[in-house]
Amino acid sequence: QVQLVESGGGLVQPGGSLRLSCAASGSVLRINTMAWYRQAPGKERELVATITRGGSTNYADSVKGRFTISRDNAKNTVYLRMNSLKPEDTAVYYCNAAILAYDMSLGDYWGQGTQVTVSS
């Protein structure tokens, strides 16, 4: 069994910063691409950022220059540093990972989501 557990969400004022973390646990053999998505009320889930195992990154245009995705392969953890937060960044943030388990099954896993609210 594999789980992704997120942490770090909360309430922040516009212009503030937060760092989200997402750790994989269980029978994890190898993690390939990891990503952060978000879903605002009444909107579809959208891709925020991705990072390959080798560290190559991609970002949605709306967060470029403000958000930074990173990972620690030894800890099976992905991070999202969010700076200069705007009210439109308010959403539930989900981590996603392509994980090879010890039983050699490859799966697409999701965290439970963490709320980020940007408001004064």
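A disulfide, in what follows, is a pair of cysteine sulfur atoms within 2.5 Å. By that rule the count here comes to one disulfide, and this disulfide joins C22 to C95, with an S to S distance of 1.9 Å. The pair links distant parts of the chain, since C22 sits in strand 3 and C95 in strand 9, 73 residues apart; strands here are DSSP runs of E with at least two residues, helices are runs of H or I with at least four, and both are numbered from the N terminus. The torsion about the S-S bond of C22 and C95 is about 40°, so the disulfide is right-handed. Both C22 and C95 are buried, where buried means under 20% relative accessible area, exposed means over 50%, and partly exposed lies in between, with a 1.4 Å probe and protein chains only.

Before going further, a word on the source. This is a predicted model, in which local features need pLDDT of at least 70 and side-chain atom pairs count only at pLDDT 80 or more, while totals for chains, interfaces and linings use all residues. Residues are numbered from 1 along each chain as its sequence is written, and side-chain values use heavy atoms, with hydrogens and water left out.

Now the overall picture. The protein has 11 strands and zero helices. The radius of gyration, taken over C-alpha atoms, is compared with a globule rule of 2.2 Å times the number of residues to the power 0.38. For this protein of 11 strands and zero helices, the radius of gyration is 14 Å, close to the 14 Å that the rule gives for 120 residues, so the protein is as compact as a globular protein of that length. Buried residues make up 40% of the 120 residues.

Let me turn to the core, by which I mean a set of buried Ala, Val, Leu, Ile, Met, Phe, Trp, Tyr and Cys residues joined through side-chain atoms within 4.5 Å. The largest nonpolar core has 30 residues, and W36, L80, M82 and Y93 touch the most other members. Among the strands that each supply at least two residues of this core are strand 3 (18-26), strand 4 (28-39), strand 9 (91-101) and strand 11 (114-118), and the largest share, six residues, comes from strand 9. If contact means heavy atoms within 4.5 Å, then M82, not counting residues up to four places away in sequence, touches G16, S17, L18, L20, R66, F67, Y93 and V116.

What surrounds strand 9? Nine of the 11 residues of strand 9 are buried, so strand 9 is largely enclosed by the rest of the structure. Two strands are said to pair if DSSP finds at least two bridges between them. Strand 4 and strand 9 run antiparallel and are joined by nine bridges, with R38 standing opposite Y93. Three bridges join strand 9 to strand 11, again antiparallel, and there A91 stands opposite V116. Strand 9 also pairs in the antiparallel sense with strand 10, residues 106-110, over five bridges, where the bridge partner of I99 is G107. The hairpin of strand 9 and strand 10 has four residues between the strands, and within this hairpin M104 takes a positive phi near 70°.

Finally, back to strand 3, where S21 lies. At 15% relative accessibility, S21 counts as buried, and, leaving aside neighbours within four places in sequence, S21 is in contact with V5, E6, S7, W36, V78 and Y79.
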